[in-house]
Structures are given as structure tokens and as C-alpha cells.
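Please read this report alongside the sequence and the three-dimensional view.

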Amino acid sequence: MRKRSLGLDLDLNVRLSAGWTVGRPGLVDVFMIAGQSNGRGRGSQYGAGKSETGYYYSGSIFSDLKDPVGDAANSGSRADIGSAWPAFAKRWFELTGRKSVWIARASGGSYKVAGQTPTWDPATATLYTTAVNALNNAVAAVGADARFTLNKVYILWVQGENEGTLIDAATITAQQSEDALTLVFNGFIADVPTLDGIFVSELGRRRDNSREVAYSAERANKADVCTAIGIAHLVWTGAKDLTDAQMKDVDHYATPGYNIMGIAMAEGAFATL
């Protein structure tokens, strides 16, 4: 009996040192995935597997975070198979001692400029409003669940290929794309009262290296917006350095690339705290 008591005391001390509270999973951070298909996840293999350090929230149910991240009710935001996010959740826990709650709202083929479909432009409503409502609902659900203590709320933004294509075709200017991103981020800040940060991945490259001048302009746009908006942070600039083997096709990363992305974005996000 004495040994068992000591073991329980030791376990309690370990959990408390990691920021957990007695009888509860402890502090959790909420993350919403937003943007387009590389945020959604297009890997052809399962990535980091089931994460014991993250939960996925959907329809009032919290389940283990695992690929394909997302839910059947929002199949357009669900990973094909592999994504970056189980790897992110594992690394986040290693760095912070906190578990995380996730919702997926990245939409493949989406834009941020108005006049395109689908678009994250706040005035267009559907994609943007659905995501904002989902995030606010998840935050409320965490706050109402006796198992959790809400810590921080974040958005992960992975997007830009479509604007790179439009810039390359001279359909829009780089400044128009930057202005559109500013509108989206300021909208998030206004419409998600609990929002603490937006963590941004720099745009990668095409595997054939085409459209690179336009893609470079789009990368600069993200850097400019993150400089101008205090809670927006460019946390990963390594997407353009992924090798051909770490990419699935001309635009999308392969599962090894997504694992690199998840770990690197977690480390970059942690560095901003």
C-alpha cells in the first residue's frame, strides 16, 4: 500500500509540473486549421499517427486527434489521409506540457481575395463565417467541459498558392493579395474575441519551380502582414525548401513534408510565446 501511495504521489507531481490540474486533463490550447489544401492535408500516407496529446472537436464530441484530421460532416476540410497536425500536437505538448483541441476548416482550392470561389473574404461570408462560428463554438465547448481548462486560442494559416497563380497571370496584383490577407486576419481578430495568435506558414514552392516570381511576392505579402498585425506570426519559412521527395505533386506536400511542417510550425509558434 505504501509503494502504491508513493507511486500516485509521484504521478501527481509529474502531472502538476507539466501544467496539469488535479483530476482534469489540465490546460488546453485550441487550434483552428485554416487556409487551403496544404493546411487541410493531402498526404498519401498516415503521418504521425494518433496523437495522445490532442483532441479533435466535432458535433459536441471530443475524440483523439488522428489522421485523417477532420470530420465527415465537413469533408471539404478533412485531410485526404496525412496532415501536419498530429506531429504539431505531439511537439506542442513536448514544448509546453499542454494538450490541444483541434478543429479543421482549411478548404482545398480556396482564395482570400474577393470575387473567387471559395474565398476567405469576410464579406463573402460562407467559408469565413463557418470557420469563425466553428472556432467560437469549440472555445465555448472547452469552457463548458469540466475536464478542460482553456489556456489560449490560435489559428494556423496555410494558404497562398491560388493567389500566387493569380499574380502570375496578372489577374490580381501582389498588393491586392496582401490587402485581402489583412482583411481576413483583422476579421478573425474582430470576430473571435478569445483569439490569442495567428500562426502562419510561408508559401512553399511548386515542385517544377514554375511561377516562382509570383510565389516570392506572395511570401513577401505574408511577412508584411505578420509585421503589421501584432498577433500574426510567420512561424515557418521552410516550405519552399522541401525536396521533391517530400512533395506529393506539383503543389502538395507528401506525408514526410507534412511531418516536417507540423514539427517546425509548433517550434516556431512556441518561440513567439
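In which loop does Ser60 lie? Ser60 lies in the loop between strand 2 (51-58) and strand 3, where helices (H or I, at least four residues) and strands (E, at least two) are DSSP runs numbered from the N terminus.

## Basis of the model

This is a predicted model, in which local features need pLDDT of at least 70 and side-chain atom pairs count only at pLDDT 80 or more, while totals for chains, interfaces and linings use all residues. Residues are numbered from 1 along each chain as its sequence is written, and side-chain values use heavy atoms, with hydrogens and water left out.

## Backbone sites

Most residues other than glycine have a negative phi, and most peptide bonds are trans. Ser60, although not a glycine, has a positive phi of about 70°, and at 58% relative accessibility this residue counts as exposed (buried means under 20% relative accessible area, exposed over 50%, and partly exposed in between, with a 1.4 Å probe and protein chains only). Asn209 is likewise not a glycine and has a positive phi of about 60°; Asn209 is found in the loop between strand 6 (197-201) and helix 7 (212-228) and counts as partly exposed at 45% relative accessibility.

Two cis peptide bonds can be located as well. One joins Asp67 and Pro68, with omega about -5°, and Pro68 has its place in the loop between strand 3 (61-65) and helix 3 (85-96). Another joins Thr117 and Pro118, with omega about -10°, and Pro118 is found in the loop between strand 4 (99-104) and helix 4.

## Helix 4 against helix 6

Two packed helices are described by the angle between their axes and the distance between the axes. For helix 4 (residues 126-144) and helix 6 (residues 174-191), the axes come within 11 Å and cross at roughly 35°, the axes being lines fitted to C-alpha atoms over the stretch in contact and the angles running from 0 to 180 degrees between N-to-C directions. Contact here means heavy atoms within 4.5 Å. The contact is made by Tyr128, Val132 and Asn136 of helix 4 together with Val184, Gly187, Phe188 and Asp191 of helix 6.

## Salt bridges

A salt bridge is a side-chain nitrogen of Lys or Arg within 4 Å of a carboxyl oxygen of Asp or Glu, and by this rule the count comes to 11 salt bridges. In one of them the side chains of Lys112 and Glu218 meet at 2.6 Å, N to O. This pair links distant parts of the chain, with Lys112 in the loop between strand 4 and helix 4 and Glu218 in helix 7, 106 residues apart. Lys112 is buried, with a relative accessible area of 1%, and Glu218 counts as buried at 0% relative accessibility.

Glu202 forms a salt bridge with Lys240, the closest N and O atoms being 2.6 Å apart. Glu202 lies in the loop between strand 6 and helix 7 and Lys240 in the loop between strand 7 (232-236) and helix 8 (255-271), so the pair ties together parts that are 38 residues apart in sequence. Within helix 3, Glu94 and Arg91 lie three residues apart, about one turn of the helix, and their side chains meet in a salt bridge at 2.9 Å, N to O. Glu94 is exposed, with a relative accessible area of 56%, whereas Arg91 counts as partly exposed at 23% relative accessibility.
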